[in-house]
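Please look over the chain shown here before reading the report. The notes move from the whole chain to its sheets, helices and surface.

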Amino acid sequence: MTRSSTRRATIMEVARLAGVSHQTVSRYLKFNGEGLKPVTRERVEAAIDELNYRPNLLARSMRTRTTGRVAVLIPTPAFNPARMLAGATSAAHEAGYSVEVISPEGGAAARTDRILELADTRQVDGIVSLSPVHGARIEELASDIPVVVSEDFDDEMRSIGVLADAAPVTEMVTHLAELGHRRFFHVSGSAQFASARARAEVFRESVERLRLENVGVHEGDWTGESGIEAVRSLPARGAPTAIIAANDLVAAGVMRGAVERGWDVPGDVSVTGWDNNQIGLFMTPSLTTVDVNLEQIGARAMTRLIATLRDEEPRLDDEPLNRIIWRESTAAPR
């Protein structure tokens, strides 16, 4: 096995090379090999030598003490976790903990390895993962270090769980119907995403329940281009007076497409987005959207961890994660 000399080997790599569990390597390091079978001890020693593994001696010296630190694992830069991290960090600081932020390369397997290594070496008192891990391996963790996983994304960082809640779509359709809208159109996100499928389904159900006209659902891909293409595809006669877009970027494309067709927003067509992108506030007209409290997701996960560390029941707020912000892009139809 060849490795870059600039990166330290991990306890998980030692375990894989030796053909043993990471707990066995941890026992070897803790008790200098005592209690292990000679052949097992030899394999671990050989793997340590080959990988030039150097354990964290400071962490080992603190095995019987708390560190006052917690770790937060975040996804790679392909997904921006800044708001969730801000919520988790704020909750930790309020409880008197410092935070170590870790973003290991690779998918769920790599993140799981890092969690197991952190737990075995007791570098932190507890761990929050804001990205998916292999739950079965975490459940088998032979350590008293608590781990809390925020189950809001799949391994491709696509929204699931509470983040896929499409209830605001019902509220938007209902309010627009009360304003007088009767013809509705939806530009969805990619159907690979549970959140996109849920919003499209709730859109159809809401329009049918309220006996409104469903002009159609155009499957987009979360981009502004898909919003423009969706509006271009609409017929001249019987055009919708309200368009529910998958996110704010799609909504911006919808509004651009409306301008191309000579439609006024919101006079001829009302438009809504999702995500409360800051730019929506400064658009003309400003964009009605759904604000998603990502900070609350991080804070809730950290609150659960701290409650576990203190052997307390977590006190979680019951505020909804999503709320609609009504702005100028929606109004009664002419």
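The report that follows describes a predicted model.

## The chain as a whole

The protein chain of this predicted model has 334 residues, of which 51% count as buried, and its secondary structure comprises twelve helices and ten strands. Among contacts between residues at least 6 apart in sequence, 72% join residues that are at least 24 apart. The chain exposes about 16,500 Å², and carbon and sulfur atoms supply 48% of that area.

Four strands form an open sheet in the order 6-5-7-8, and their pairing is parallel. Strand 6 (213-219) and strand 8 (270-272) are the edge strands, each of them pairing on one side only. From one strand to the next, the twist averages 15°.

Within this sheet, strand 5 (residues 183-188) and strand 7 (residues 242-245) run parallel and are joined by four bridges. Ile 244 in strand 7 is the bridge partner of His 186.

## Helices lying across the sheet

Helix 9 (residues 194-209) lies across strand 5, strand 6 and strand 7, and runs at about 170° to strand 6. Helix 10 (residues 224-232) likewise lies across strand 5, strand 6 and strand 7, with an angle of about 145° to strand 5.

Val 290 stands opposite Ile 324 of strand 10.

The side chains of strand 9 point two ways: Thr 289 and Asp 291 point one way, whereas Val 290 and Val 292 point the other way. Are these four residues buried or exposed? Thr 289, Val 290, Asp 291 and Val 292 are all buried, so each of them has a relative accessible area under 20%.

Ile 279, Leu 281 and Phe 282 make a nonpolar surface patch of about 330 Å².

Note on methods: Residues numbered from 1 in each chain as written. Predicted model: local features only at pLDDT ≥ 70, side-chain atom pairs only at ≥ 80, totals over all residues. Heavy atoms only, no water. Pairing = 2+ DSSP bridges. Helix = DSSP H or I, 4+ residues; strand = E, 2+ residues; numbered from the N terminus. Axes fitted to C-alpha atoms, helices over the stretch in contact; angles between N-to-C directions. Contact = heavy atoms within 4.5 Å. Patch = residues over 30% accessible without salt bridge, like charges linked within 9 Å, V, L, I, M, F, W, Y side chains within 5 Å. Areas by Shrake-Rupley, 256 points an atom, 1.4 Å probe, with all protein chains shown as cover. Salt bridge = Lys/Arg side-chain N within 4 Å of Asp/Glu carboxyl O. Buried < 20%, exposed > 50% of the residue type's maximum accessible area, 1.4 Å probe, protein only.
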